[in-house]
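Reader: I have a structure to read and some terms to sort out. Please show it to me first.

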Amino acid sequence: APTLADTALMPLLQAVRRLVGPAWDAAGGMVEVSVEPETLSLRTDAAQLEQVLINLAQNALQACAGRPAPRLLIEARLSRGARLRLTVSDNGPGVAPGLEARIFTPFFTTREGGSGVGLAVVRQLVHGLGGTVRHAKRPGGGACFVLTF
């Protein structure tokens with residue numbers, strides 16, 4: 001069960017960048033974080049939200065393998081109705097058409113050797129934190145996951 005506390009998002013996203021950044025650097029890529037306003041916070045379980053973001057970042061890195069200049073962007077903003085919107089996007093190939101409805105299904109994988117539990121765990125954790133997660137199409141391609149709280 002989550003342990004909720006007011007959590008400043010900029011330090012949390014910076015911690016995620018520090019954790020996943022070396023792997024992205026080794027692949028010739030970069031991780032960017034953006035929080036607007038910088039003082040934005042969320043009542044959440046910081047460790048569980050951090051795990052969600054790490055899972056999404058690792059999936060993105062695997063999807064971007066072999067691409068020049070892989071890029072991950074994690075953004076936090078307020079959206080309509082003062083809801084918090086966390087967006088995790090990359091410049092990889094994106095989710096293949098027709099698979100969007102299946103990617104959160106436990107044990108479904110598009111990667112050889114993948115377990116298919118990463119996105120299922122993401123969905124379970126986000127729902128446990130009182131949020132939703134969905135895949136969104138990006139005009140420029142790549143994968144984009146939107147978490148709303």
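Reader: What pLDDT does the chain average?

Author: The average is 90, and 92% of the residues score at least 70. Here pLDDT is the predictor's confidence in each residue, from 0 to 100. This is a predicted model, where local features need pLDDT of at least 70, side-chain atom pairs count only at pLDDT 80 or more, and totals for chains, interfaces and linings use all residues. Residues are numbered from 1 along each chain as its sequence is written, and side-chain values use heavy atoms, leaving out hydrogens and water.

Reader: Why is Gln48 called buried?

Author: Its relative accessible area is 18%. Buried means under 20%, exposed over 50%, partly exposed in between (1.4 Å probe, protein chains only). So Gln48 counts as buried.

Reader: Where is Gln48, and what does Gln48 touch?

Author: Gln48 lies in helix α2 (residues 46–63). Helices (H or I, at least four residues) and strands (E, at least two) are DSSP runs, numbered from the N terminus. Gln48 touches Ala1, Pro2, Leu125 and Leu129, not counting residues up to four places away in sequence. Contact means heavy atoms within 4.5 Å.

Reader: What makes strands β4 and β5 a pair?

Author: Two strands pair if DSSP finds at least two bridges between them. Eight bridges join β4 (residues 71–79) to β5 (residues 83–90), so by that definition they pair. The two run antiparallel. Arg77 has Arg85 in β5 as its bridge partner.

Reader: Which strands form the open sheet, and in what order?

Author: Five strands form it, in the order β2-β4-β5-β7-β6, with mixed pairing. The edge strands are β2 (30–36) and β6 (132–135), each pairing on one side only.
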